[in-house]
Amino acid sequence: MIKMAIGWIFTSISSIVFAFVLIEVTAEVKEVKTLSELIDEQVDLQDIQLSSNSYMYDQHGDLISELYIDHNRRYLHYDEIPVQLIDAFIATEDQRFFEHKGYDAIAMVRALLANVRQEGIEEGASTMTQQLARNLFLTHEQTYNRKMTEILYSHELEKHFTKEEIIELYVNSIYFSNGVYGIEAASYFYFNKPSKQLTLAETAFLSAIPNNPSHYDPLQHFDRTLLRQEWILQKMLEVHYISTEEYEQARNEHLTINQRQRIDEFPDYVTYIHHELTELIAQSEGYSLRIEQAESDDTRQEIERDLQNHVQQLLESGIHIETALEPYRQNSITKAIQRYLPEDDIQAAVAMIDHHNHEIVAISGGKGYNKFDFHRGYQDFRQPGSAIKPILVYGPFIEETGASISTQIDASNICINDYCPNNYGDQEYGHVPILTAFKHSYNTPAVRLLHQIGIQHAFTYLEPFSFSRVVSDDYVPGAALGGLTYGVSPLELTQAYTTFATDGAFTQSYGIRAVKDQEGTILYSWEQESEQVWSSSTNQKMRSLLDEVITSGTGRQANITASYRGGKTGTTDEYRNLWFVGLTDQYTAGVWIGNDDNQSIERVNNRSPHLDIWRESIK
């Protein structure tokens with residue numbers, strides 16, 4: 001009787017509780033979210049994007065740099081995936097893949113019973129869809145909570161994607177050790193060929209790795225990988241994906257790892273292109289204007305962070321960057337710097353432009369340059385010395401006055417507002433032709449000419465060149481000799497000199513020809529506009545002056561045999577910087593030499609290494 005009474009009491013209490021819960025659930029049912037809605041709040045199953053390597057090419061279409069940070073992945077679409085690879089994974093990982101809805105209940109029960117016997121979690125019975133869910137959204141911890149979440153995510157994946165789409169994501173997301181993700185990258189990394197060229201033995205071998213990437217790492221544990229390869233081939237035979245003959249042939253095939261090293265050449269040029277890519281995107285997407293109009297430093301920095309994130313996302317989408325790099329010219333620059341500047345403490349930078357196509361074909365970041373180091377070619381700003389005279393003094397003067405190169409100008413001493421420059425060696429000259437003053441780089445006539453045409457007016461001739469560090473404080477007489485507050489970069493000054501090769505018109509030159517997506521559609525390219533800086537007549541006179549510098553002036557050591565060659569030297573106070581910028585019929589190149597700490601390099605001045613470097617680079 002007592003047991004019966006207790007039973008009735010328990011039943012009554014349970015009924016009351018159940019009724020209460022039912023009432024509460026009924027009241028709240030309209031606010032309850034479906035499982036799909038809850039999962040959609042956590043992850044966007046509609047837009048799964050896997051990163052893919054990006055690539056950079058020279059002007060001949062040859063690969064010069066594979067762009068990725070942590071994930072080496074070459075994305076393949078479903079119709080590009082080898083059928084034997086799909087068969088290998090289905091045979092070993094998920095034989096009921098095309099039948100289940102994300103999870104295999106039969107396999108789960110079998111694994112659960114096995115784990116109970118083992119008193120742990122040894123078998124997971126994860127389908128390929130579950131493995132994909134784990135790779136995309138979850139951790140790899142072995143707990144039942146994680147397993148349940150994995151099942152729920154897998155079920156949702158199967159509702160959003162076809163089986164073929166799941167296979168595509170799976171094959172591209174699985175890890176093959178050594179930073180390699182996806183079968184295509186694995187095929188290149190371990191066998192140096194695309195996956196469509198893999199033999200059955202090689203396919204099974206690579207299929208062995210994802211099961212336990214560290215345990216089956218072919219570089220460290222080749223024999224272990226080979227053992228699992230044999231097991232995979234056996235499974236494929238059991239489910240009739242391969243014949244006995246194919247099995248025996250693959251099992252007896254001798255495999256050799258042919259590891260492919262990452263292609264990452266020409267660090268100077270590649271680093272610059274990364275910089276130019278950011279500029280291109282900033283201009284194309286409106287970031288540049290937003291940064292320019294930012295009302296505070298915090299706002300500006302936030303926009304710049306957004307820009308960097310956007311660039312990174314683009315690089316992870318698998319873009320192809322076509323550049324104007326000429327490998328021969330880039331190598332010539334590097335070799336010339338090493339040959340003529342052996343001193344460890346002295347640096348150099350060179351920029352070279354094909355002025356017919358307005359393309360940067362080579363650029364040096366410095367001697368012994370390493371990728372993403374400080375780049376002296378475009379990031380280092382130095383006083384240009386007399387190398388500024390053609391574009392700030394003589395070009396504007398001839399344009400304003402119509403003077404000829406034989407016009408007499410005053411080369412005697414001069415003082416303007418306590419500024420009293422001297423000629424080299426404190427020499428004083430009387431009236432000399434413009435040609436003589438220019439090719440021997442006299443200082444006093446340059447200061448006098450700048451003063452005569454008006455300093456502010458002369459600086460308007462620099463505006464088309466967009467020198468980024470030229471400021472109003474530079475509007476002083478000393479600017480005629482390159483005495484600028486911050487200075488110019490080697491690339492900027494070289495860009496300006498291209499005007500003398502294009503009949504007085506300036507067109508900005510770039511290294512990037514086009515940025516394309518994986519289908520070959522152009523995403524970004526530069527829009528080039530030309531601006532006339534001075535007349536054709538002035539330009540011809542300037543070309544004559546530049547030619548005389550090389551044939552009989554301060555740049556004789558740079559002389560080469562060519563239908564045209566011309567340039568201008570530049571030396572700053574105490575020999576802190578040595579410059580030479582010149583051009584031929586096809587190329588314009590600029591050379592800077594100096595110390596990173598801006599100390600004097602007078603000890604190398606007499607041998608003029610900047611002239612030797614220019615001559616060797618451009619001939």
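A: Helix H14 (residues 297–315) lies across S1, S2, S5 and S12, and runs at about 160° to S12. Helices (H or I, at least four residues) and strands (E, at least two) are DSSP runs, numbered from the N terminus. Axes are lines fitted to C-alpha atoms, for helices over the stretch in contact, and angles run from 0 to 180 degrees between N-to-C directions.

Q: Before we go on, what kind of model is it?

A: This is a predicted model, where local features need pLDDT of at least 70 and side-chain atom pairs count only at pLDDT 80 or more, while totals for chains, interfaces and linings use all residues. Residues are numbered from 1 along each chain as its sequence is written, and side-chain values use heavy atoms, with hydrogens and water left out.

Q: OK, back to the sheet. What's the strand order?

A: S2-S1-S5-S11-S12, an open sheet of 5 strands with mixed pairing. Two strands pair if DSSP finds at least two bridges between them.

Q: And which strands stand at the edges?

A: Strand S2 (63–67) and strand S12 (522–524). Each has a single partner strand, so one side of each is left without a neighbour in the sheet. The twist averages 25° from one strand to the next.

Q: How do S1 and S2 pair?

A: Strand S1 (residues 54–57) pairs with S2 in the antiparallel sense, over 4 bridges. Ser54 has Leu67 in S2 as its bridge partner.

Q: What about H12, where does that lie?

A: Helix H12 (residues 267–284) lies across S1, S2, strand S5 (320–323), strand S11 (512–516) and S12, at about 70° to S11.

Q: Switching to helix pairs. How do H8 and H9 cross?

A: The axes of helix H8 (residues 183–191) and helix H9 (residues 200–207) come within 11 Å and cross at roughly 110°. That makes H8 roughly perpendicular to H9. Angles under 35 degrees count as roughly parallel, over 145 as roughly antiparallel, 65 to 115 as roughly perpendicular and the rest as oblique.

Q: Which residues meet there?

A: Ile183, Ala186, Ser187, Tyr190 and Phe191 in H8 meet Glu202, Phe205 and Leu206 in H9, where contact means heavy atoms within 4.5 Å. The residues of that contact divide into 6 nonpolar, 1 polar and 1 charged. Ala, Val, Leu, Ile, Met, Phe, Trp, Tyr, Cys and Pro count as nonpolar, Asp, Glu, Lys and Arg as charged, and the others, Gly among them, as polar.

Q: And H16 with H18, how do those axes cross?

A: Helix H16 (residues 389–401) and helix H18 (residues 444–453) have axes that come within 10 Å and cross at roughly 55°. H16 and H18 are therefore oblique to each other. Their contact residues divide into 10 nonpolar, 1 polar and 2 charged.

Q: What about Glu574?

A: Glu574 also isn't a glycine, and has a positive phi of about 60°. Glu574 sits in the loop between strand S14 (565–571) and strand S15 (577–584), and is exposed, with a relative accessible area of 54%.

Q: Last one: what does Ser489 touch?

A: Leaving aside neighbours within four places in sequence, Ser489 is in contact with Gly377, Tyr378, Asp380, Phe381 and Trp579. Ser489 is buried, at a relative accessible area of 2%.

Definitions and conventions. Buried means under 20% relative accessible area, exposed over 50%, partly exposed in between (1.4 Å probe, protein chains only).
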